[in-house]
Amino acid sequence: MEQPQDSLAMQLGLLHDALQLDRRQETLWLTYTDRLQALLTDMQRPHAVSAQGDALHRVEDRITPLRNRLAALDQISAAAAELYRALDERQRGVADEMLPATVPLLADRIEMENGRGGEMRGPGGDMQQGGQGQRRRR
């Protein structure tokens, strides 16, 4: 089964080949892909959530990794903008088509971590769809 990281590597390879970067652009490309790799590494690493402490500390333990991932996405966005500004008109057309698909979404990872396609356990163990707060009927 193909892993999401394998699919991303393939997309990046196709995009890289299609862009036909010069030396200056290649440096910006490497910065972009390094930022992507840092995010993917963080997304694959398990984050400890303490069962100790009060509710507010435990909530914060769950939110902190997401804040870190958002900061990483901001860095990816900045690197993408620098790369995009350095592209010529033909390359920008290629990037317009292919570059957005190289950015992993946090929601994709959250669904993968839950293993339930967006369903979450609510109070009492009942299933809630996508955080909508509505209980499923049985």
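**View 1. Gln-91 reaches the backbone of Leu-19 in this predicted model**. A polar atom of the Gln-91 side chain lies 2.8 Å from the backbone oxygen of Leu-19. Polar contacts are pairs of N or O atoms within 3.5 Å; within protein, one must be able to donate a hydrogen and the other to accept it, and residues adjacent in sequence count only if both atoms are side-chain atoms. Gln-91 is found in helix 4. Its relative accessibility is 2%, so Gln-91 counts as buried (under 20% relative accessible area; exposed is over 50%, partly exposed in between; 1.4 Å probe, protein chains only). Leaving aside residues up to four places away in sequence, Gln-91 touches Leu-19, Gln-20, Leu-21 and Gln-25 (contact: heavy atoms within 4.5 Å).

**View 2. Trp-29 and Tyr-32 form an aromatic pair**. A search of the whole structure finds one such pair. The pair is tilted, with 6.2 Å centre to centre and 45° between the planes. Rings of Phe, Tyr and Trp (its six-membered ring) pair if their centres lie within 6.5 Å; planes under 30 degrees apart are stacked, over 60 edge-to-face, the rest tilted. Both residues lie in helix 2 (residues 23-44), three residues apart, about one turn of the helix. Trp-29 and Tyr-32 are both buried.

**View 3. Asp-22 caps the N-terminal end of helix 2**. One of its side-chain oxygens lies 3.1 Å from the backbone nitrogen of Arg-24. Helices (H or I, at least four residues) and strands (E, at least two) are DSSP runs, numbered from the N terminus. The 22 residues of helix 2 should span 32 Å at 1.5 Å a residue, and the end C-alpha atoms, 31 Å apart, agree. The expected span is 1.5 Å times one less than the number of residues.

**View 4. The largest nonpolar core has 23 residues**. Leu-19, Trp-29 and Tyr-32 have the most contacts inside it. Helix 1 (4-19), helix 2, helix 3 (55-86) and helix 4 (89-98) each supply at least two residues of this core. A core is a set of buried Ala, Val, Leu, Ile, Met, Phe, Trp, Tyr and Cys residues joined through side-chain atoms within 4.5 Å.

**View 5. Confidence is lowest in strand 1 (residues 119-121)**. Mean pLDDT (the predictor's confidence in each residue, from 0 to 100) is 37 there and 98 in helix 4.

**Notes.** Residues are numbered from 1 along each chain as its sequence is written. Local features need pLDDT of at least 70 and side-chain atom pairs 80 or more, while totals for chains, interfaces and linings use all residues; side-chain values use heavy atoms, without hydrogens and water.
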